[in-house]
Amino acid sequence: MKKIIAVLTTMLLIACVPNGGTPVIAPNDTTKNLSKIAIGSCCSQGLNMFIFKTIKNQAPDLYIGMGDNMYTDIVPGPFSLSNMKIQYNKLGSNAYFKQLRAAIPTIATWDDHDYGINNAGNEFPYKEQSKK
């Protein structure tokens, strides 16, 4: 279990800090057995996101974002790295999301919308730049 938490923590640091900033997050207690895990996906940063308050209030031991944790292509027009950064900042500045991350250890994995456009895959030309 300790190794799983260590791997998941590493994934969080790689996947959830696209702009290189240091998020305020709950510390991971690698000695704790996980008994309650919350899982979510398809989070539109342009909406209310009250769901994160509900998740926090349920007091899970861990929250896992399973992909499409935000939508980089919510802005009409061609994809741009600057618009992607704006969308990540919008998610990161949401009060409910910030409260969740401050209270609950959080990890995530990427899906197409997290680094590019709908159904983008390995061929997406900005995939490597999106990781930064």
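Predicted model: local features only at pLDDT ≥ 70, side-chain atom pairs only at ≥ 80, totals over all residues.

Me: Is Lys-53 buried, partly exposed or exposed?
Reply: Lys-53 sits in helix H2, which covers residues 51-57. Its relative accessible area is 32%. Buried would need a value under 20% and exposed one over 50%, so Lys-53 is partly exposed.

Me: How far apart in space are Lys-53 and Ala-95, C-alpha to C-alpha?
Reply: Along the sequence, Lys-53 and Ala-95 are 42 residues apart. In space, their C-alpha to C-alpha distance is 9.0 Å.

Me: Thanks! Now the overall fold: what pattern does the protein follow along the sequence?
Reply: The secondary structure consists of six helices and three strands. Reading along the sequence puts these elements in order, and the pattern is α-β-α-β-α-α-β-α-α.

Me: Among contacts between residues at least 6 apart in sequence, what percentage join residues at least 24 apart?
Reply: The protein has 132 residues, and 39% of them are buried. For the contacts you ask about, the share joining residues at least 24 apart is 77%.

Me: What part of the accessible surface belongs to carbon and sulfur atoms?
Reply: The accessible surface of the protein is about 7,600 Å². Carbon and sulfur atoms account for 58%.

Me: Which residues have a backbone oxygen close to a polar atom of the Ser-130 side chain, at 2.7 Å and 2.8 Å?
Reply: Ser-130 belongs to helix H6, residues 127-130. With a relative accessible area of 0%, Ser-130 is buried, since that value is under 20%. A polar atom of its side chain lies 2.7 Å from the backbone oxygen of Tyr-115. At 2.8 Å from a polar atom of that side chain is the backbone oxygen of Tyr-126.

Me: Which side chains meet in a salt bridge?
Reply: The structure holds one salt bridge. The N to O distance is 2.9 Å, and the pair is Lys-32 and Asp-61.

Me: Where in the chain do those two partners, Lys-32 and Asp-61, lie?
Reply: The pair links distant parts of the chain, 29 residues apart. Lys-32 is partly exposed at 39% relative accessible area, whereas Asp-61 is buried at 12%. Lys-32 lies in the loop between helix H1 (2-15) and strand S1 (37-40), and Asp-61 in the loop between H2 and strand S2 (62-65).

Me: One last stop: which residues make the nonpolar surface patch of about 300 Å²?
Reply: One member, Met-66, lies in the loop between S2 and helix H3 (81-92). Met-66 has a relative accessible area of 44%, so Met-66 is partly exposed. Patch residues need over 30%, and the patch is made by Ile-37, Ile-39 and Met-66.

Definitions and conventions: Residues numbered from 1 in each chain as written. Heavy atoms only, no water. Helix = DSSP H or I, 4+ residues; strand = E, 2+ residues; numbered from the N terminus. Buried < 20%, exposed > 50% of the residue type's maximum accessible area, 1.4 Å probe, protein only. Contact = heavy atoms within 4.5 Å. Areas by Shrake-Rupley, 256 points an atom, 1.4 Å probe, with all protein chains shown as cover. Polar contact = N/O pair within 3.5 Å; in protein donor to acceptor, adjacent residues only side chain to side chain. Salt bridge = Lys/Arg side-chain N within 4 Å of Asp/Glu carboxyl O. Patch = residues over 30% accessible without salt bridge, like charges linked within 9 Å, V, L, I, M, F, W, Y side chains within 5 Å.
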